[in-house]
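Please keep the sequence and the 3D view at hand while reading.

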Amino acid sequence: MDTLVFDGHNDVLSRLWGGMVDPVAEFAGTNGHVNVPNCAKGGMKAGFFAIYSPMNRAVFDFANFDPAIFDMPMPPMLDEGVALTSAIGQAAIARKLHDAGQIEIVTDAPSLARTFIADPIACILHLEGADCIGPDLLALDALYALGLRSLGIVWSRPTIFGDGVPFGLGRDGDTGPGLTDDGKRLVACCKELGIVVDTSHLTMKGFWDVAEAGVPLVATHSNACAVLNTTRNLTDDQLRLIGETGGIAGLNFGTIFLTVEAWKTGKAPLDACIKHLAHMVEIAGEDHVAIGSDFDGAPLPDGMNSAADLPKLVQAMTDAGFGQTLIAKITHENWLAHLGRHFDNKT
Ligand code: ZN
C-alpha cells in the first residue's frame with residue numbers, strides 16, 4: 001500500500017521566512033523537513049502550512065536542540081505590527097510556492113479533492129496565533145483573501161483574544177484564563193467565514209469557550225495527556241469532546257510531546273507515536289484522529305528525519321496491528337472528510 005498523508009501542521013513557511021532564502025529554490029531542494037522531494041518520497045500530499053510570528057527572524061536549529069529552552073515562563077504578548085510583518089511575509093512565500101506550481105493553496109472542497117489525488121501539494125493556509133490581528137479583525141479579512149482557511153487563536157503566548165499554554169511537564173492545559181470577549185468575536189467571525197478554529201496551544205478554559213461557539217473542536221497538533229502529561233497535550237475529556245463534536249486531533253511528532261525522557265535528551269522512539277495514536281483513537285474515536293506532524297517546528301523521533309520518512313510511521317502502525325482501514329483514516333481520510341464537511345457547510 002502506497003503511503004498517502006494529509007498532515008495537519010508544518011512550519012516550513014516560517015523556516016523559509018526565517019532563513020531569508022529564495023523560497024522557491026529552497027523548497028525545491030532537500031533542506032529541512034518539508035520540501036518537494038521529501039513530500040514526494042514520503043507520500044505527503046497535503047498539509048496545513050502555518051504562518052507563525054516568532055520573536056526573532058531566525059531558523060530553529062534542531063541538530064543542536066536543547067529541551068531546556070521549552071521549560072520557560074510564557075513569553076509576553078507580541079506587538080501587532082511586528083507580528084503582521086512576519087505573517088504577511090509568510091503568506092507571500094506561500095503565494096510564491098503556489099505560483100511556482102510547488103503547492104496549491106486550496107480554499108474549497110473540489111480543489112482539495114482534485115489536488116489530493118494529483119500534484120502539487122495541497123496547502124491549507126493556517127495562522128498559528130492571531131498576534132497579527134487587532135480588535136477590528138481587519139487583518140483576518142486580508143489573510144482570508146490571501147487564502148487563509150485555518151486559525152489557531154494563540155501560540156504559547158497571550159494575545160488580545162486569549163491565553164496560550166506555557167510549555168510544561170507534569171500538568172495539563174488548565175494553566176490560565178480562556179477567551180476574551182474579542183476572542184469570542186474572533187471565533188464567531190471564523191465560523192462565519194468558514195475558517196477552521198484550531199485549539200492547539202490554547203488553554204483548557206479557552207478550549208471549552210471554543211466548544212461553546214458550536215464549532216467542531218480541532219486540535220491540529222496535540223497528543224494525549226494520558227500518555228504524556230504536558231500542557232500541550234489533550235486530556236481524555238478534551239479528546240472525547242473532539243470526537244463528539246466531529247472534530248480532529250492530530251498526532252504531533254515533536255519529541256517533547258511524546259515522552260518524559262525527551263525533556264532531558266530531546267529524543268524519543270518512533271513507537272511513542274503509536275502509544276499516543278492508540279489512546280487518541282480509543283478516546284476520540286477512529287474517525288477523529290489524524291496526523292499533525294509539526295515538521296520544521298519540532299525535533300522528530302528516532303528514524304523520522306523528514307517528511308520522506310512518513311512510510312516508517314505507517315510501517316510502525318502496521319507492526320502494532322492497526323488495520324489498513326484505520327491507517328488510511330489516520331494518515332489522510334479523516335482530514336479529507338473533515339475539511340470536505342467544513343467547506344461544504346460554508347458553500
Ligand atoms: Zn505549534
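## Pocket and cavity

Helix α1 (residues 12-19) gives the largest share of the lining of the largest pocket, 4 residues. Helices here are DSSP runs of H or I with at least four residues, strands are runs of E with at least two, and both are numbered from the N terminus. The model is predicted: local features need pLDDT of at least 70, side-chain atom pairs count only at pLDDT 80 or more, and totals for chains, interfaces and linings use all residues. Residues are numbered from 1 along each chain as its sequence is written, and side-chain values use heavy atoms, with hydrogens and water left out.

The largest pocket holds about 870 Å³ of space. Its lining has 38 residues, and Y52, P54, F60, W155 and G297 are the closest to its centre. The structure also holds 1 cavity of 30 Å³ or more. About 80 Å³ of space lies in the largest cavity. Of its 13 lining residues, L202, T231, R232, N233 and L234 are the closest to the centre.

Both terms rest on a 1 Å grid over the protein atoms alone. In a cavity a 1.4 Å probe fits but cannot get out; a pocket is an open set of points with protein on both sides within 12 Å along at least five of seven lines. Lining residues have an atom within 4 Å of a point. Points are joined across faces, edges and corners, and a volume is the space filled by probe spheres set on them.

## Cores

A nonpolar core is a set of buried Ala, Val, Leu, Ile, Met, Phe, Trp, Tyr and Cys residues joined through side-chain atoms within 4.5 Å. Buried means under 20% relative accessible area, exposed over 50%, and partly exposed in between (1.4 Å probe, protein chains only). The largest core has 82 residues, of which I133, L151, I153, L186 and F253 touch the most other members. Helix α11 (residues 271-284) supplies the largest share of this core, 8 residues. Another core, of 16 residues, lies apart from it; V106, A122, V218 and F343 are among them.

F49 sits in strand β2 (residues 44-52). F49 is buried, at 0% relative accessibility. Beyond four places in sequence, its contacts (heavy atoms within 4.5 Å) include F27, I103, I121 and A122. F49 and H9 are 40 residues apart in sequence, yet their C-alpha atoms are 6.1 Å apart.

E104 belongs to strand β3 (residues 103-105). E104 is buried too, with a relative accessible area of 18%. Among its contacts beyond four places in sequence are H98, R114, I121 and A122.

## Cysteines

How many disulfides does the search find? It finds 0 across the whole structure. A disulfide is a pair of cysteine sulfur atoms within 2.5 Å. C39 is in none, and the nearest cysteine sulfur, that of C123, is 11 Å away. C39 is buried, with a relative accessible area of 2%. The closest cysteine sulfur to that of C190 is in C189, 6.5 Å away, so the distance is too far for a bond. C190 is buried at 1%.
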